[in-house]
Amino acid sequence: MSAKKLYIETVGCQMNVLDSELVVGSLRRAGYELTYEATDADVILFNTCSVRQHAEEKIYSALGVLRGHKKRHPEKVVGVLGCMAQKDQESIFRRAPHVDILCGTGQLARLPELIAEVERTRTRQTALSLDRKEASRHEVEASFESYDPMRDPSMRPTRFQAYVRIMIGCDKFCTYCIVPSVRGPEQSRRPEHIAAEVRQLADEGCKEVTLLGQTVNSYTYEHGDGRITRLSDLLELIHATPGVERIKFITNFPRDMGDDLLDGVRTLPKVCPYLHVPAQSGCNTVLKRMKRLYTVEYYREMMERCRERVPGAAISSDFIVGFCGETEESFERSCDLVRDAGFKNSFIFKYSARPGTKADELFPDDIPEEIKKRRNNDLLAIQNAVSLADHRRQVGETVEVLVEGPSKIGMKTDGTGPKQLTGRTMTDHIVVLDGNERLIGQTVAVNIEAATAFTLFGSVVTREYVRVTGEYEQPMRRRLGLPLV
């Protein structure tokens, strides 16, 4: 009997990508085989995001396309997982009545049994966590289980890179954000469990781990005996893991950027000097309306501390344009912050009202769409100019690059010879280089020769060892324009 086939489509953040990896791993252990065509699958899953309206519309569109296929093949199982399932709940069944399963972010461990129950009874199955207003914090926490089963290396995008969840949920309650509702209260995992997972990943050949949390630098684990483990302590704990070469962590909250964490980034060689710290706005009035819990002055001082304690650190940010009540003056202050801050890059989004958030309850979405688009483009143009200047300063430098795989151009190149590859530096800058595919998964020295606002371009630096009287001298470095093969 052939194995049942599974299809999964993922939208949203890195946490969703990790959730999908873990879901696929658990279902593979239950006998499923992954397919990349939805119509070939026995089980069709959508792991969803509710942070922006566009992500939700994409899922409803995909579900609509499947309506006829499901009607012709009623035995197939269609499931909606993640944030949309937790937020929209029964409204998904109304808009897409052919959906069989709703499974929230805190109930993913139940997915194999939900699928089995649908196949057995042909009835809809729902597994959702408690709303934060429905019960005590302890009860709500218990309904949002951290989903961290055994890892399956075959399900990662690359065998040498992996995400590791160190916490779930969020307690910041920014007025525009649905995450505290759909992912529940902030809960930190036990540090020894995280360390064990990192060791397992290293044993499987993983060289780079990225620690994930909605506000990752808020990580705090209380052991119950007076001891507290912070993110800086956790970094030190996993730093000694043999085989791990790089450690990243995202995403940071400005108010929780403590000096202990910055000192850890500076002193632990494997920890990448890259900090993603969303600002969201450069205007205090807007920040207050967003309930971001800091001022622009605080954010600028935090940036200064980052650069003082971690010289050479790359800092990136997020911005929302067109938030409720954002005036042209408010927007110009965001432009000023981007011009002054020297961000490596910024992710810029147009505000979209999210039902269930405080902003949607309290403030009218009063910025016309055409103004949002214009502000988005204007702020992006400023950031691109800042990024280009940053990249041009690196021309002529030699950087260490972890080669991740073929570039978009490289993927279109046939043959076994050199092709265009891409990777990242310790500061998360994207580098394109020519080389043999054998370099994928290796860390190589690259001389930067050109730059755009988005990418650095360079050539691999080779190292020759010259044998003299039976001994090896110190390596002699030379730069070649030809790829290393």
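Helix α7 gives the most residues to the lining of the second largest pocket, namely three. The model is predicted: local features require pLDDT of at least 70, side-chain atom pairs count only at pLDDT 80 or more, and totals for chains, interfaces and linings use all residues. Residues are numbered from 1 along each chain as its sequence is written, and side-chain values use heavy atoms, with hydrogens and water left out. Helices (H or I, at least four residues) and strands (E, at least two) are DSSP runs, numbered from the N terminus.

The second largest pocket has a volume of about 480 Å³. It is lined by 21 residues, of which D131, K133, I178, S181 and G356 are the closest to its centre. Two or more lining residues come from each of α3 (83–88), α7 and α14 (358–362). By class, the lining holds nine nonpolar, six polar and six charged residues. Here Ala, Val, Leu, Ile, Met, Phe, Trp, Tyr, Cys and Pro count as nonpolar, Asp, Glu, Lys and Arg as charged, and the others, Gly among them, as polar. A pocket is an open set of points on a 1 Å grid over the protein atoms alone, where a 1.4 Å probe fits, with protein on both sides within 12 Å along at least five of seven lines; lining residues have an atom within 4 Å of a point. Grid points are joined across faces, edges and corners, and the volume is the space filled by probe spheres set on the points.

The structure holds seven aromatic pairs. Rings of Phe, Tyr and Trp (its six-membered ring) pair if their centres lie within 6.5 Å; planes under 30 degrees apart count as stacked, over 60 as edge-to-face and the rest as tilted. Y176 and F323 form an edge-to-face pair, at 6.3 Å centre to centre and 80° between the planes. This pair links distant parts of the chain, 147 residues apart. Y176 lies in the loop between β8 and α7, and F323 in the loop between β15 (314–321) and α13 (328–341). Both Y176 and F323 are buried (under 20% relative accessible area; exposed is over 50%, partly exposed in between; 1.4 Å probe, protein chains only).

F323 also pairs with Y351: the ring centres are 4.9 Å apart and the planes stand at 80°, so this pair is edge-to-face. Y351 lies in the loop between β16 (346–350) and α14, so the pair ties together parts that are 28 residues apart in sequence. The relative accessible area is 0% for F323 and 5% for Y351. Elsewhere, F253, Y294, Y299, F319 and F343 form one aromatic cluster.

Two arginines sit over rings. R95 lies over the face of Y60, at 3.7 Å from the ring centre. The charged end of R289 sits over the ring of F363, 6.0 Å from its centre. The criterion is NZ of Lys or CZ of Arg within 6 Å of the ring centre and within 35 degrees of the ring normal.

Backbone features were also found in loops. A cis peptide bond joins I250 and T251, with omega about 0°. T251 lies in the loop between β13 (246–250) and α10 (259–267). R122, a residue other than glycine, has a positive phi near 55°. Its loop runs between α5 (111–121) and β6 (125–127). R122 is partly exposed, with a relative accessible area of 41%. F173 is not a glycine either, yet its phi is positive, at about 55°. F173 is found in the loop between β8 (167–168) and α7 (179–182). F173 is partly exposed, at 36% relative accessible area.
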